[in-house]
Amino acid sequence: DRRVKGTEHVVEAVEQARAAGLDFDFVLIEGASHEDARRQLSRADIIIDQLHAGFYGAVSVEAMALGKTVMCFLRSQDLDGLPAAMKDALPLLNVSVATLTEALVAVLREPPEARDARGARSRAFAETWHDPRRVAARTRADYEAAAANPAVPLPRPA
């Protein structure tokens, strides 16, 4: 959904970056199958996910798992709810509609080694915080801790 993602702002930022003299390819991935979208993500250097939702989603996680620089809007109050270690390791570039063009130009001008290093941090973050086995183990531990605490009532099946 272009409105949810803020696609018009992404296209505008791309046009402004080009007007600033930067030469780069831009591919808008939309309406693609998961397989095709993942293939296109794998070829990209920079992924811009969304500018309105306030937190990262599946596109960002997949891009991080591919070792990419990812830009999206992260609402500060939502970040405050993350574990400190997760918040500290978060490699995403937090951008807004107002800051996207400037941030995009800065990333496009940085040396490839900087994007490579951020990409490595992205991959490590995805492996640490979004690996399905690790997520399942953390969820299980949370349920077991809740079940062991009689002060916390567990939901009863209807």
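# Briefing: burial and helix faces in a predicted model

Ile-29 has a relative accessible area of 31% and is therefore partly exposed. This residue belongs to a predicted model, in which Ile-29 lies in the loop between α2 and α3 (34–43). The protein contains 9 helices and 3 strands, and buried residues account for 30% of its 158 residues. The points below move from the whole protein to three of its helices and to selected residues.

**The protein as a whole**

- Read from the N terminus, the order of elements is α-α-α-β-α-β-α-α-β-α-α-α.
- The C-alpha trace spans about 65 × 35 × 30 Å along the principal axes of the protein.
- The accessible surface amounts to about 9900 Å², and carbon and sulfur atoms supply 54% of this surface.
- There are 20 positive and 23 negative side chains, and the centres of these two sets are 5 Å apart.
- Of the contacts between residues at least 6 apart in sequence, 56% link residues at least 24 apart.

- Apart from neighbours within four places in sequence, Ile-29 makes contact with Ala-37, Gln-40 and Leu-41.
- The C-alpha atoms of Ile-29 and Asn-94 are 20 Å apart in space, and the two residues are 65 apart in sequence.

**Helix α2 (residues 7–19)**

- Thr-7, Val-10, Ala-13, Val-14 and Ala-17 are the buried residues of α2. They lie on the same side of the helix, because they cover an arc of only 120° around its axis.
- An α-helix has 3.6 residues a turn, so residues three or four places apart point the same way.
- The other side of α2 carries the exposed residues Glu-15 and Ala-19.
- The partners against which the buried residues of α2 pack are α1 (2–5), β1 and α7 (100–109).
- Glu-12 also belongs to α2. Its relative accessibility is 40%, so Glu-12 counts as partly exposed.
- Glu-12 and Leu-79 are separated by 67 residues in sequence and by 27 Å in space, from C-alpha to C-alpha.

**Helix α4 (residues 58–65)**

- In α4 the buried residues are Ser-60, Ala-63 and Met-64. Their arc around the axis is only 100°, which places them on the same side of α4.
- These buried residues pack against β1 (46–48), β2 (69–72) and α8 (112–129).
- Gly-67 follows α4 and has a positive phi, near 80°.

**Helix α8 (residues 112–129)**

- Helix α8 consists of 18 residues, and the distance from its first C-alpha to its last is 25 Å, close to the 26 Å expected at 1.5 Å a residue.
- Its buried residues are Arg-115, Arg-118, Gly-119, Ser-122, Phe-125, Ala-126 and Trp-129. Viewed down the axis of α8, the buried residues fall within an arc of 120°, so they line one face of the helix.
- Glu-113 and Asp-116 are exposed, and they sit on the face of α8 turned away from its buried side.

- Beyond neighbours within four places in sequence, Arg-118 is in contact with Thr-69, Pro-91, Leu-93, Val-107 and Glu-110.
- Arg-118 and Leu-92 are 26 residues apart in sequence, while their C-alpha atoms are 8.6 Å apart in space.
- Ser-122 is likewise placed in helix α8. Its relative accessibility is 1%, so Ser-122 counts as buried.
- When neighbours within four places in sequence are set aside, the contacts of Ser-122 are Met-64, Gly-67, Lys-68 and Pro-91. Among them, Met-64 is one of the buried residues of α4, and Gly-67 is the residue with positive phi that follows α4.
- Pro-91 is in contact with Ser-122 and also with Arg-118.

Notes
Residues numbered from 1 in each chain as written. Predicted model: local features only at pLDDT ≥ 70, side-chain atom pairs only at ≥ 80, totals over all residues. Heavy atoms only, no water. Buried < 20%, exposed > 50% of the residue type's maximum accessible area, 1.4 Å probe, protein only. Helix = DSSP H or I, 4+ residues; strand = E, 2+ residues; numbered from the N terminus. Arc of directions from axis to C-beta. Contact = heavy atoms within 4.5 Å. Areas by Shrake-Rupley, 256 points an atom, 1.4 Å probe, with all protein chains shown as cover. Lys, Arg positive; Asp, Glu negative; His and termini not counted. Charge placed at Lys NZ, Arg CZ, Asp CG, Glu CD. Expected span 1.5 Å × (residues − 1).
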